[in-house]
Amino acid sequence: MRKILFFILFVCIGTSSFAQGFGLGYQFDIGWSNKSNPSSAYDQSIRTYIHNGFIRFHNTGGNVALKFMIGYRSDTIRFCNYSGFLASDGSSMMQYNTNALLRRNAWRFGVINQYQFHVYKARIVFSLNTGLFYERTIRAIRSGSLDGRRYLLDEELNRNNIGMMAGGEIRFVCFTLGLKYEKLFRDVLNHDYILSQELSVDNSTELRGLRLNPGMVYLFLGINLDFFDNR
């Protein structure tokens, strides 16, 4: 973590030497998945909140900015699994009957390129955004609403992930309102490990129908201070 912070500081200092101005602020993201259910036996929904701090550097013309973000992500994943399977001894059919909740927390770092269109001396700014982000899952826990089972996910996780985003925003002086789409390049769940286990209602094979990297739509609100050198 210390190396990442030193790298971020180095990039920010290097970028600022070529900047016409800079900005900083806070952004709150509210997200949800747009993934359809894989079958009638499975059901899932994801709701996400992300707290972000950011700093950005504007180019000489002020029409392009590079934005660096550090955030903390909280996911709430509700899922059901009613699929059946043959018992290990082959004697009977079993069913998961799972109605449970996953909670996931992750740190993230993002780099975003912003194409800006200024109105009325930069008091109103329209921006089109594209970027990449890195996420590090620090904790994920499963808890059941009916069965009372609770366990931490460990080998079931791909802890390090990279994703992309695209969206737009409008800034009114110090306030930002925007919409964006994000997609992780691989699943947060390690399905190779999950599928390597014997099918059972007592282990994490109940997660085999989940996909934790669907496309996510976010509405975000922000408070920002941007300073421009008009020389």
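pLDDT is the predictor's confidence in each residue, from 0 to 100. This is a predicted model, with local features needing pLDDT of at least 70 and side-chain atom pairs counted only at pLDDT 80 or more, while totals for chains, interfaces and linings use all residues. Numbering runs from 1 along each chain as its sequence is written, and side-chain values use heavy atoms, leaving out hydrogens and water.

For the protein chain, the mean pLDDT is 88, and 87% of residues reach 70 or more. Helices (H or I, at least four residues) and strands (E, at least two) are DSSP runs, numbered from the N terminus.

Now for β10 itself (residues 175-184), which holds Glu182. At 3% relative accessibility, Glu182 is buried (under 20% relative accessible area, with exposed over 50% and partly exposed in between; 1.4 Å probe, protein chains only). Its side chain makes these polar contacts (N or O atoms within 3.5 Å; within protein, one must be able to donate a hydrogen and the other to accept it, and residues adjacent in sequence count only if both atoms are side-chain atoms):

| Side-chain pair | Polar contact |
|---|---|
| Glu182 and Arg108 | 2.9 Å |
| Glu182 and Lys180 | 3.0 Å |

Leaving aside neighbours within four places in sequence, Glu182 is also in contact (heavy atoms within 4.5 Å) with residues including Phe133, Met164, Pro214 and Tyr218. By that count, which again skips residues up to four places away, Leu210 touches Gln44, Phe79, Leu102, Asp187, Leu189 and His191.
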